[in-house]
Amino acid sequence: MQFYDIFNGDADGICALHQLRLEEPRSAVLVTGAKREIALVERADAGSGDELTVLDIAFSTNARAVLRALERGARCRYFDHHHAGAVPQHSNLKTYIDTAPDTCTSLIVDRYLSGRQRIWAVVAAFGDNLGDAARRAAQTLKLPPPEVDQLRELGVCINYNAYGECVDDLHYHPADLFGALSRYRQPCEFVEGEPIFEVLKNGYQDDLWRARGVKPDLATEHATLYVLPDAAWSRRINGPFGNRLAEEHPARAHAVLVARNGGYLVSVRAPLTRPGGADELCMKFTTGGGRRGAAGINLLPQEDLPRFVDEFQRQFAG
Ligand SMILES: [Mn+2]
């Protein structure tokens, strides 16, 4: 029998798994990738008696692979907060799915573990740009404000590492980042003692500085749109840049596009003050998906750009 830990390569996926493994240590085959690589369950060759733990990737994208694993006699626990589609009933499938805009997979795992590793859920919620939810969870831990700031910085840096077209764009393969993180019981030990943290922090600041130099292509009271050039740094920063803009202008929607293969990679952030509609907008395009507050399109064809700009403005007209 084999265990498979299948998780999104961002802060939420990594911290969700870390919480579970601190409580239930086990060695497992790790299946993960860049943030946009979400069809991960099909990469696990699960059979009879095997156990899959799936974290922070949309059920809708993985439903067929989950069903196939169940038919072969595997068991599956599924934790997520993305748009799920229809979820089948099966005695060997346990799902913990909550698509509320103020939760994330690590907060769902926090509930599952009755808060026993909550400090990592705080890191993850900051990583998913759920600042209010992160601070609410942090409050129950009675942490001093500088420590909360440190958790925020860690969440942002781990999340930043996951963006990119493929793992070649990333500073660290998410499986290796999880491996490094899994040696630390406390986030402050990782921040203070792990060289990887410095690398991510510096990379984030460099990439953000370059993005700050780009002028928006559209800037209205309700919606701002940027197009970044075709470069690895653009693909790493487009999502974190969107998060940062959302925090600076919480009543505004943001779209950050990256020129790519005759089209664009798209990252959309709904206004933080009205966190809805990002998934709805992106799902109007073939390769779009995500959650209500934050969503994306893997490849928006060049000819669809005017339609996207129209739909983006209409979705967040105020
Ligand atoms: Mn997430």
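## Domain arrangement

The C-alpha centres of domain 1 and domain 2 lie 23 Å apart, in a chain that is divided into domain 1 (3-201) and domain 2 (215-315), with bounds that come from an automatic or database domain assignment. The contact between them takes 17 residues from domain 1 and 21 residues from domain 2, two residues being in contact if their C-beta atoms, placed from the backbone, lie within 7 Å. On the side of domain 1 that touches domain 2, the largest share, 3 residues, comes from helix α6 (residues 145-161), and the residues of that side divide into 5 nonpolar, 8 polar and 4 charged. Here Ala, Val, Leu, Ile, Met, Phe, Trp, Tyr, Cys and Pro count as nonpolar, Asp, Glu, Lys and Arg as charged, and the others, Gly among them, as polar.

The model is predicted, so that local features need pLDDT of at least 70 and side-chain atom pairs count only at pLDDT 80 or more, whereas totals for chains, interfaces and linings use all residues. Residues are numbered from 1 along each chain as its sequence is written.

Helices (H or I, at least four residues) and strands (E, at least two) are DSSP runs numbered from the N terminus, and two strands pair if DSSP finds at least two bridges between them.

## Strand β7 and its neighbours

Strand β7 (residues 223-228) is mostly covered, with 5 of its 6 residues buried (20 or more other C-beta atoms within 10 Å of the residue's own, with C-beta atoms placed from the backbone). A hairpin through 3 residues joins β6 to β7, and strand β6 (residues 218-219) pairs with β7 in the antiparallel sense over 2 bridges, Ala219 having Thr224 of β7 as its bridge partner.

With strand β8 (residues 253-260), by contrast, β7 pairs in the parallel sense over 6 bridges, and Tyr226 stands opposite Val256 in β8.

## The helix crossover

Together, β7, helix α10 (residues 232-248) and β8 make a right-handed β-α-β unit, meaning that, with the strands pointing away from the viewer, the path from the first strand over the helix to the second runs clockwise.

Note on methods
Buried ≥ 20, exposed ≤ 12 C-beta atoms within 10 Å, placed from the backbone.
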